Amino acid sequence: MAIVEVKVPQLSESVAEATMLTWKKKAGEAVAIDEILIEIETDKVVLEVPAPAAGVLAEIIQGDSATVVAEQLIAKIDTEATAGAVAAAPAAAAAAVAAAAVAAPAAASKGDVAMPAAAKLLVDNNLSVSAVTGTGKDGRVTKGDVLGAVAAGATKVVAASAIPTGVPAKSLPQVAAPAVQNLGDRPEQRVPMSRLRARVAERLLQSQSTNAILTTFNEVNMAPVMEMRKKFQDAFSKEHGVKIGFMSFFVKAAVHALKKFPVLNASVDGNDIVYHGYFDIGIAVGSPRGLVVPILRNADQMSFADIEKKIAEFGKKAQEGKLGIEEMTGGTFSISNGGTFGSMLSTPIINPPQSAILGVHATKDRAVVENGQIVIRPMNYLAMSYDHRIIDGREAVLGLVAMKEALEDPSRLLFDI
């Protein structure tokens, strides 16, 4: 027997622990080298754990939802065994694996109560809790019980966790969690926050409690940008293989303003103000797991095509949960585009330790006054929140005006004026 250990990948210095998600393989199944065995969620990213060698997954030491640290042993692979031989191992071994995988349950009433990991397996295997004999404390059904029932061929369809008739399943979060409580036509589901969601909540509260946040607003006529995009869209797409969007203009306008007013690109460190001589712009991106803010490094040195390609890459990675820690570390200024979802106006919250953030909203045709005449223009409302501890109203207002001027006359960006 040749055993290869599977360990938790190295985490970043700021991440102390992580949470195991769902194993993609069961003990006894064959695995190929570099095949993804499980994903591990930190408060920043989701890391994939590939198989370090081909063989059979001989033992799962840390199961679904377990809390682990860097370099911790989570499984073992037998490189000489065959899948059939391991699958025929005694059921007691599977039960031992399940026991190690399930955290201590909260107090519950006796009979037909499934532990969290077991509840998920019940749903995955289309079983009802009553079809499985519980061997846990007070008769609760454990993960090992479910695995045993599956092996024995139990087929009773699940009913206990179904959402009551008349309530669409999509109306509740589709997550791996304890079964929905059957409360007639008023279902509820209690699920734990993901590490990413908890971290976002922590940082938002930190921002509001440590920064003296104030927001300044301005409106922008987006017609010049829209006309420029329309004029060059086909040639740009043909040349660079990507469409030119609005975000590259907002990034360029933001960098333009930050150069004029460096304090907007600064941060607070104790009693010091740190002025950054580089422009790393965070782009807020929504993902299935929550809000993430990947960074455009040295945005002042990036072309419009570079920015558009990088933002598209970030969006794809965010949806797939594949953003790396290094891609979301740092940043000197952020941009949040609520306009993507139709937002008209908002007051964005600063992403610490940064001192300012730009909120972009939906561009809509509105009636405005030009030269004493009411005309229709595609208008966008910009909102910039800033830390009033180091940024005075003058710099904030003038910084936003500089962004407005750059967007209303994009040629300014070419001449840096």
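## Residue S287

S287 lies in strand β13, residues 285-287; strands are DSSP runs of E with at least two residues, helices are runs of H or I with at least four, and both are numbered from the N terminus. The model is predicted: local features need pLDDT of at least 70, side-chain atom pairs count only at pLDDT 80 or more, and totals for chains, interfaces and linings use all residues. Residues are numbered from 1 along each chain as its sequence is written, and side-chain values use heavy atoms, with hydrogens and water left out.

With a relative accessible area of 17%, S287 is buried (buried means under 20%, exposed over 50%, partly exposed in between, with a 1.4 Å probe and protein chains only). Residues up to four places away in sequence aside, S287 touches L196, V292, A318 and Q319; contact means heavy atoms within 4.5 Å.

## Residue G134

G134 sits in the loop between α3 (116-124) and α4 (143-152). G134 counts as partly exposed because its relative accessibility is 23%.

Apart from neighbours within four places in sequence, G134 is in contact with G139, R140, V141 and D145. The C-alpha atoms of G134 and D145 are 6.2 Å apart, with the two residues 11 apart in sequence.

## Nonpolar cores

A nonpolar core is a set of buried Ala, Val, Leu, Ile, Met, Phe, Trp, Tyr and Cys residues joined through side-chain atoms within 4.5 Å. The largest such core has 75 residues, of which I74, F333 and I335 touch the most other members. Helix α7 (residues 247-260) supplies the largest share of this core, nine residues. At least three residues of this core come from each of domain 1 (3-78) and domain 2 (213-414); the domain bounds come from an automatic or database domain assignment.

Not counting residues up to four places away in sequence, the contacts of I74 include V6, V8, M20, W23, I38 and I40. A second, separate core has six residues, among them L122, L127, V146 and A149.

## Packing of α7 and α8

The axes of α7 and helix α8 (residues 304-320) come within 9 Å and cross at roughly 120°. Therefore α7 is oblique to α8. Axes are lines fitted to C-alpha atoms, for helices over the stretch in contact, and angles run from 0 to 180 degrees between N-to-C directions. Angles under 35 degrees count as roughly parallel, over 145 as roughly antiparallel, 65 to 115 as roughly perpendicular and the rest as oblique.

In this pair, M247, S248, F249, V251 and K252 of α7 meet F304, I307, E308 and I311 of α8.
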